[in-house]
Amino acid sequence: MPVSDQPMSSSRQRCGADKQQSEDVAITALRAEHTNAVVDLHMQAFPDFFLTFLGRSFLRQMYLCHRDDPATIALVASRKTDDEILGAVIGPLQATSFYKRILVRRWWRFALAALGAVLRRPSVVPRLLRAVRYRGDAPGGETDRALLASIAVSPAAQGMGVGKLLTTAFLAKVREAGLPGAYLTTDAENNDAVNAFYRRQGWKVESRFTTPEKRKMLRYIYDF
Ligand SMILES: CC(C)(COP(=O)(O)OP(=O)(O)OC[C@H]1O[C@@H](n2cnc3c(N)ncnc32)[C@H](O)[C@@H]1OP(=O)(O)O)[C@@H](O)C(=O)NCCC(=O)NCCS
């Protein structure tokens, strides 16, 4: 099942504080023991989003399938002093083949994980079916660039430089894999902080598109 998140409403929160010292934060590979904390912080960072509505089991599957696939990047940021998980970033090196692969290998796990949400709100079924067809919304339909599929920083740690550490580490892995760059998609509207965050780090708007749910999106690329 693909990672294709959408807001359930437009409310967002940002907390800012002093910069977290980058030397206090470790960026490491996502491991099994991180999963619960990463799911918790995803739910806090994306309170009104579709994937959060689908629930903990679904998000768990989403992070596990990135962790287990050999052609993905899955990283966590943690505070060195107490190992608290502050953020996570995930994404496949080649989105189209990754989403096809997880659909074939794991569809039943995702279907089971989504069952509760479907029973709670049957109207989510069309969105779920669209998610099944999701292949990463790559520029021009196909690309050599990796997809930054999801990044989340715990609300208490936002605005302290953790997101920047995570995107920098993600891009370093993409470069290490020999790819020419990365892309991502994000909301064009009611999303100024996130758009400022990407632009500040050198991501360029490549194109705009509208989803079948009429959600206006920006597609960013970062080329080395
Ligand atoms: C978006 C998100 C990942 C950013 O992580 P963060 O840790 O809060 O961001 P950082 O503190 O690392 O900011 C990095 C840079 O972006 C800039 N930036 C961040 N928010 C900004 C804003 N609202 N306006 C202008 N610049 C901003 C910072 O100033 C910083 O630039 P600098 O290093 O030159 O000072 C985080 O806020 C988050 O998880 N949000 C909720 C989930 C979400 O929306 N994810 C993205 C989905 S596409």
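How many helices and strands does the chain have? There are 7 helices and 8 strands, where helices (H or I, at least four residues) and strands (E, at least two) are DSSP runs numbered from the N terminus. The chain's radius of gyration, taken over C-alpha atoms, is 16 Å, close to the 17 Å that the globule rule gives for 224 residues, so the chain is as compact as a globular protein of that length. That rule is 2.2 Å times the number of residues to the power 0.38.

Now a word on the model itself. This is a predicted model, where local features need pLDDT of at least 70, side-chain atom pairs count only at pLDDT 80 or more, and totals for chains, interfaces and linings use all residues. Residues are numbered from 1 along each chain as its sequence is written. As for pLDDT, that's the predictor's confidence in each residue, from 0 to 100. The chain averages 90, and 91% of the residues score at least 70.

| Element | Residues | Mean pLDDT |
|---|---|---|
| helix α5, lowest | 125–133 | 89 |
| helix α6, highest | 162–176 | 98 |

What about the ligand? Around the ligand sit 18 residues, and Gln158, Gly163, Lys164, Ala193 and Ala196 come nearest (a residue is near a molecule if its C-beta atom, placed from the backbone, lies within 6 Å of it). β5 (150–153), α6 and α7 (192–200) each give two or more residues to this shell, and α7 gives the most, with 5.
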